[in-house]
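Try each task before you read its solution.

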Amino acid sequence: MTLAALLVALFLVTPILIVVPMSFSTAISFQFPPPGYSLRYYAQYFTSDEWLEPTLNSLIIAVGAMALTMLLVVPAAFGYVRYRFRGKSLLNFLIMSPLIVPHVVSALAYYGFLGRVRLTGTIPGVIAAHGVLAVPVAFLVISATLKGFDRNLERAAMSSGAGPFRTFFHVTLPVLRPGMLVGALFAFLSSFNEAVVALFIGGRGAVTLPRKMYESIRLESDPVIAVVSTLLVSAVVLGVLISVFMRGRGRLGGGA
Amino acid sequence: MARGLSAPVALPAVAAVRGPSRSRAAWLLLAPSSLVLVLLFVVPIAYVLLLSLTDPRLSLAHYQRVFTVPVYTRVLLNTFLTSLIVTGLCLVLGYPVAYVMVRRNDWVSTLLLTVVAMSFWTGFLVRTYAWLVILGSKGPVAAAYGALGLGPAPKLLFTTFSSTLGMTHILLPYMILALFAVMKKIDPDHLRAAASLGARPGAAFREVFLPLSLPGVVNGSLLVFVTCLGFFVTPILLGTPRDMMISQLINQQIEELLAWGFASAVAVVLLAATGLTLAIYDRFVGLDRLWG
């Protein structure tokens, strides 16, 4: 069983690692093993707007979407977890609906709808779409954190004379901070990796990194994609290693 | 937690206020997100539904075409079958990994967890690109064929094989994490009890571990199947137009033909298929379990 598991792990990891040697290649097309090694495509990535602009766009959009998601999700999670009211399950369905609807359907919907209000091909348009699409994942993480919060801490603070705001900012928020950060990270990554909606509504004005990669793969011409992939994989490896060493084992599975 | 204190009281966010202001506070907290979700999600989706029935004029003709024209029924059937195959492959490949991850408590389990998390977080496009390199005409598989003197490699890229392989590779971590989440809650004492009662390891696995892991199997399969139904990027980049999936059809109708009405109808069919799958799951298992 262990052998089978290790073989599957090899199947999972090999394709991800193969992009690293590809990025140092001298070949002008997708050739492996590379005929020679150079830093040519790194230089190209870091000096041309062709790739830097989508990278910057993606970062701006992901940060904007994350902010929007958090602005929507944090109050909603408090309201949802701490109160009982009629229509709660309907509200839950509404909050989770962006996760249920296939992305290509959402993409088509945004293409039609945002086109009407002239927001296709703009960065605010993509931020709005990505911000909404990340709501369910962030909500799951943050409402779970909130459910595990011990209300007695607040009661203790208030019985010691702290007012509601003081209690919130000095007791509630610090305890919830790790969960909030994970929720925000999920929102950021869900936007940063999102391709389908970005393809439909990005237009020429808001080309994101996944969209640029998609086009580059489709034309099968631009080896700079190997550099981008290597940088992305490095970031993921760094993040995963940090969280494994910090023993955040439970948290890694939170996305599924 | 002191359950006696916190269960029925339902305190508001911070202050211990009672009465009508309680529901007003809840309303204030929930209204902005509900409003935004309705405006920026429900309305756009409803607009698709509307277009599918009214563009260019009010009729059910688009739906009739989706379900009667052979080209389109083949797309529906192909999407369904491909999703089933990918789900099956993910299950077969993923189960041993999740099993070893929970049963061992050493470097193997840490290594597997690291690899799974890594591939979970690496974007679809990076992995799709990697398969394009591996299976391409100048890739390692073709090179190996040449080196072994087997002659020219068969055409691997832009086939049913390559898109199925790519989708399986991308969705496998989802399956593994769903299985892992359920399996790690299985008490190892159950297996020890089975062993002490004389069950051989195989029997203990079959009679005890496997049945207890079934909720994970159901969750993972649902997750993979539903994602696969709407899969877009990978089938387009690795597959062939001959075995088109639903999302490719939507894209083609919009990008090449600007056929809004028909594309919307296909999108509604995809949405309905997804909804139906989830409704069946909800009926027998309960959707809360999936978010759980």
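**Exercise 1: a covered helix**

Task: How many residues of α6(B) are buried?

Solution: Keep in mind that this is a predicted model. A residue counts as buried if 20 or more other C-beta atoms lie within 10 Å of its own. Of the 12 residues in α6(B), 12 are buried, and the helix is mostly covered. Among them are B:Phe124, B:Tyr129 and B:Trp131. Next, look at the partners: in chain A, these buried residues pack against α1, α11 (209-219) and α12 (224-245). In chain B, they pack against α7 (140-147), α8 (160-183) and α11 (233-238). Finally, check the length: α6(B) spans residues 124-135 and reaches 17 Å from its first C-alpha to its last, close to the expected 16 Å.

**Exercise 2: two packed helices**

Task: What is the angle between α3 (residues 49-82) and α6 (residues 123-133) of chain A?

Solution: The two helices pack at about 50 degrees, and their axes are 8 Å apart. Angles under 35 degrees count as roughly parallel and 65 to 115 as roughly perpendicular. Therefore α3(A) and α6(A) are oblique to each other. Their crossing is right-handed. Residues of α3(A) including A:Ile60, A:Gly64 and A:Leu68 meet residues of α6(A) including A:Val126 and A:His130. This contact has 7 nonpolar residues, 5 polar and no charged.

**Exercise 3: where the chains touch**

Task: Which helix of chain A gives the most to the side that touches chain B?

Solution: Start with the whole contact, which takes 79 residues from chain A and 88 from chain B. On the chain A side, helix α1 (residues 2-23) gives the most, with 12 residues. That side divides into 58 nonpolar, 14 polar and 7 charged residues.

Terms used. Residues are numbered from 1 along each chain as its sequence is written. Chains are lettered from A and ligands numbered from 1 in the order in which they are written. This is a predicted model: local features need pLDDT of at least 70, side-chain atom pairs count only at pLDDT 80 or more; totals for chains, interfaces and linings use all residues. Two residues are in contact if their C-beta atoms, placed from the backbone, lie within 7 Å. Helices (H or I, at least four residues) and strands (E, at least two) are DSSP runs, numbered from the N terminus. Ala, Val, Leu, Ile, Met, Phe, Trp, Tyr, Cys and Pro count as nonpolar, Asp, Glu, Lys and Arg as charged, and the others, Gly among them, as polar. The expected span of a helix is 1.5 Å times one less than its number of residues. Axes are lines fitted to C-alpha atoms, for helices over the stretch in contact, and angles run from 0 to 180 degrees between N-to-C directions. Angles under 35 degrees count as roughly parallel, over 145 as roughly antiparallel, 65 to 115 as roughly perpendicular and the rest as oblique. A crossing is left-handed if the near helix is turned anticlockwise from the far one by less than a right angle, and right-handed if clockwise.
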